[in-house]
Every structure is written in structure tokens, then in C-alpha cells.
Amino acid sequence: YHHWEKVAGRMMSLLMRKHEAWIFLEPVDSEKLGIPDYKRIIAKPMDFGTIRENLRKHEYKSMQ
């Protein structure tokens with residue numbers, strides 16, 4: 001467990017508590033929103049919930 005992971009986890013928690021962050025909390029549901037070409041246009045979609053889970057699972061090898 002690297003120190004940067006702990007800091008990044010705290011940062012994600014703080015970001016996710018912000019009122020304005022609601023739109024970034026979970027992955028975009030392109031079918032529900034009626035944007036079928038979303039996955040073609042956005043090659044690597046990411047959201048705060050996925051980032052936090054990846055941090056928890058130690059998916060990131062470094063801060064970069």
C-alpha cells in the first residue's frame with residue numbers, strides 16, 4: 001500500500017462529497033440517456049466511483 005494511494009483515496013472521498021460532483025459519481029448509462037455513440041466517441045470513460053474502486057483494488061501502479 002503506497003502513501004499516494006491513501007492520499008488519492010482521501011481526495012476522491014472529498015471530491016465525491018461535493019454537490020457538483022453528482023454527475024461524475026457513476027459511469028454514464030448511454031442507453032438510458034439515449035446517446036448510442038457515446039462509447040465510440042469517449043474511448044476511455046471514467047467516473048469517480050470507478051476511480052475509487054480501482055484505488056481500493058490497487059489497480060493503479062503509480063500516481064501517473
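Predicted model: local features only at pLDDT ≥ 70, side-chain atom pairs only at ≥ 80, totals over all residues.
Residues are numbered from 1 along each chain as its sequence is written, and side-chain values use heavy atoms, with hydrogens and water left out. Local features need pLDDT of at least 70 and side-chain atom pairs count only at pLDDT 80 or more, while totals for chains, interfaces and linings use all residues.

Start with the empty space. Rolling a probe the size of a water molecule over the atoms shows where such space is left. A pocket is an open set of points on a 1 Å grid over the protein atoms alone, where a 1.4 Å probe fits, with protein on both sides within 12 Å along at least five of seven lines. The largest pocket holds about 210 Å³. That volume is the space filled by probe spheres set on the points, which are joined across faces, edges and corners.

Which residues line the largest pocket? They are Trp22, Ile23, Phe24, Leu25, Glu26, Pro27, Val28, Asp29, Lys32 and Leu33. Lining residues have an atom within 4 Å of a point. By class, the lining has 7 nonpolar, no polar and 3 charged residues. Here Ala, Val, Leu, Ile, Met, Phe, Trp, Tyr, Cys and Pro count as nonpolar, Asp, Glu, Lys and Arg as charged, and the others, Gly among them, as polar.

Now look at the surface. Trp22, Ile23 and Phe24 form a nonpolar patch there, with about 380 Å² of accessible area together. Such a patch joins nonpolar side chains (Val, Leu, Ile, Met, Phe, Trp, Tyr) within 5 Å, from residues with over 30% relative accessible area and no salt bridge. Areas come from the Shrake-Rupley method with a 1.4 Å probe. Phe24 sits in the loop between helix H1 (3-17) and helix H2 (30-33). Helices are DSSP runs (H or I, at least four residues), numbered from the N terminus. Phe24 has a relative accessible area of 46%, so it is partly exposed (buried is under 20%, exposed over 50%, partly exposed in between).

Turn to the charged pairs. The structure holds 2 salt bridges, each a side-chain nitrogen of Lys or Arg within 4 Å of a carboxyl oxygen of Asp or Glu. One joins Arg40 and Asp37 at 3.7 Å, N to O. Arg40 is exposed at 66%; Asp37 is partly exposed at 33%. Another joins Arg56 and Glu53 at 2.5 Å, N to O. Both residues lie in helix H4, 3 residues apart, about one turn of the helix. Arg56 is exposed at 55%, and Glu53 is partly exposed at 31%.

Methods: Patch = residues over 30% accessible without salt bridge, like charges linked within 9 Å, V, L, I, M, F, W, Y side chains within 5 Å. Helix = DSSP H or I, 4+ residues; strand = E, 2+ residues; numbered from the N terminus. Buried < 20%, exposed > 50% of the residue type's maximum accessible area, 1.4 Å probe, protein only.
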